[in-house]
Amino acid sequence: MNRPVLLRTYQSHETHVECAIWEAARATSVAPTFFKRIEIGRRKQPFIDGGMGRNNPSQVVLDEANVVFKSRPFGCLISIGTGQPKVINIQKPGLFQQILPLDVINALQAIATDCETTHQEMLRRFANLPNTYFRFNVEQGLQEVKLSEWEKLGHVEAHTVQYMKGQEVEKRIQELVTIIKTPQSQLFLEQLSMKYSLL
């Protein structure tokens with residue numbers, strides 16, 4: 001879990017995991033409580049969902065881009081969230097919780113799938129490079145929607161549409177569109193690994 005395996009369709013210095021497209025899709029959708037893990041390759045390497053510890057893959061994307069496109073200009077990084085999480089807390093345990101500590105299990109799961117820590121790291125990393133890092137993430141209304149509640153997609157859509165209509169979000173989207181249309185690179189990908197270049 002410390003080091004994600006990247007399933008690539010392009011050349012890389014790392015050894016590739018030989019797999020079919022359907023196997024890659026299964027490997028990236030293995031959510032322990034919904035889909036069983038999959039074993040891929042001659043050595044039957046097991047895979048679990050990258051969401052465990054990598055729900056926000058921004059840092060992984062930057063690292064991979066640096067390896068593959070080292071000397072190319074860096075335009076911007078766009079991160080799209082799935083909604084702000086609830087505050088992670090553990091209630092005072094009652095008798096049932098002392099026997100089966102579900103609150104603790106749920107809190108550990110929330111920590112393992114947390115996206116906001118990575119977002120805060122990206123904000124710090126790009127603090128002195130305006131309009132280089134963009135994160136769009138619905139702020140309210142999706143905290144109670146669980147992964148299994150596919151029937152609530154209309155609810156998710158309604159909250160997303162309202163979020164996108166917010167004045168600040170519309171402004172950020174326009175800034176992003178301008179940057180994509182007329183890139184003005186402030187640094188090269190290889191500089192992203194050099195902390196002093198971003199200060």
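Biologist: How many bridges join β4 to strand β5, which run parallel?

Modeller: This is a predicted model, so keep that in mind throughout. Strand β4 covers residues 77-80, and β5 covers residues 133-136. The two strands run parallel, and the number of bridges joining them is four.

Biologist: Which residue of β5 is the bridge partner of Leu 77?

Modeller: Leu 77 sits on the covered face of β4, along with Ser 79. Ser 79 stands opposite Arg 135 in β5. For Leu 77, the bridge partner in β5 is Tyr 133.

Biologist: And which residues make up the uncovered face of β4?

Modeller: β4 has two faces, and Leu 77 and Ser 79 take the covered one. That leaves the uncovered face to Ile 78 and Ile 80.

Biologist: What about β5: are its residues Tyr 133, Phe 134, Arg 135 and Phe 136 buried or exposed?

Modeller: Tyr 133 and Arg 135 point one way from β5, while Phe 134 and Phe 136 point the other way. Whichever way they point, all of them come out as buried.

Biologist: How far is the C-alpha atom of Gly 75 from that of Tyr 133?

Modeller: Gly 75 is in the loop between β3 (73-74) and β4. Its relative accessibility is 39%, so Gly 75 counts as partly exposed. Along the chain, Gly 75 and Tyr 133 are 58 residues apart.

Biologist: Let's do helices: are α3 and α6 parallel, perpendicular or oblique to each other?

Modeller: Helix α3 is residues 58-69 and helix α6 is residues 116-125, with axes 9 Å apart. They pack at an angle of about 50°. Because of that angle, the relation of α3 to α6 is oblique.

Biologist: Which residues of α6 make that contact with α3?

Modeller: On the α3 side, Ser 58, Gln 59 and Leu 62 take part. The residues in the contact as a whole divide into two nonpolar, three polar and one charged. From α6 come Thr 118, Met 122 and Arg 125.

Biologist: How many disulfides does a search of the whole structure find?

Modeller: A disulfide is a covalent bond between the sulfur atoms of two cysteines. Cys 19 has a relative accessible area of 27%, so it is partly exposed. Cys 76 is partly exposed too, at 22%. As for disulfides in the whole structure, the search finds zero.

Biologist: Which residues does Phe 188 touch, not counting those up to four places away in sequence?

Modeller: Phe 188 belongs to strand β6, residues 187-188. Its relative accessibility is 39%, so Phe 188 counts as partly exposed. From Arg 72 it is 116 residues away in sequence, yet 5.6 Å in space, C-alpha to C-alpha. Leaving out the sequence neighbours, Phe 188 touches Ser 71, Arg 72, Pro 73 and Phe 74.

Biologist: What is the phi of Asn 131, a residue other than glycine?

Modeller: Asn 131 lies in the loop between α6 and β5. With a relative accessible area of 31%, Asn 131 is therefore partly exposed. Its phi is positive, near 55°.

Biologist: How far apart are the C-alpha atoms of Gly 41 and Ala 20?

Modeller: Gly 41 is in the loop between β1 and β2. At 32% relative accessibility, Gly 41 counts as partly exposed. Gly 41 and Ala 20 are 21 residues apart along the chain, and their C-alpha atoms are separated by 9.6 Å.

Biologist: Zooming out, in what order do the elements of the protein chain run from the N terminus on?

Modeller: The secondary structure comes to eight helices and six strands. Read from the N terminus, the order is α-β-β-α-α-β-β-α-α-α-β-α-α-β.

Biologist: Last one: among contacts between residues at least 6 apart in sequence, what percentage join residues at least 24 apart?

Modeller: The protein chain has 199 residues, of which 25% count as buried. For those contacts, the share joining residues at least 24 apart is 60%.

Note on methods
Residues numbered from 1 in each chain as written. Predicted model: local features only at pLDDT ≥ 70, side-chain atom pairs only at ≥ 80, totals over all residues. Heavy atoms only, no water. Buried < 20%, exposed > 50% of the residue type's maximum accessible area, 1.4 Å probe, protein only. Pairing = 2+ DSSP bridges. Axes fitted to C-alpha atoms, helices over the stretch in contact; angles between N-to-C directions. Parallel < 35°, antiparallel > 145°, perpendicular 65-115°, else oblique. Contact = heavy atoms within 4.5 Å. Nonpolar A, V, L, I, M, F, W, Y, C, P; charged D, E, K, R; others polar. Disulfide = S-S within 2.5 Å.
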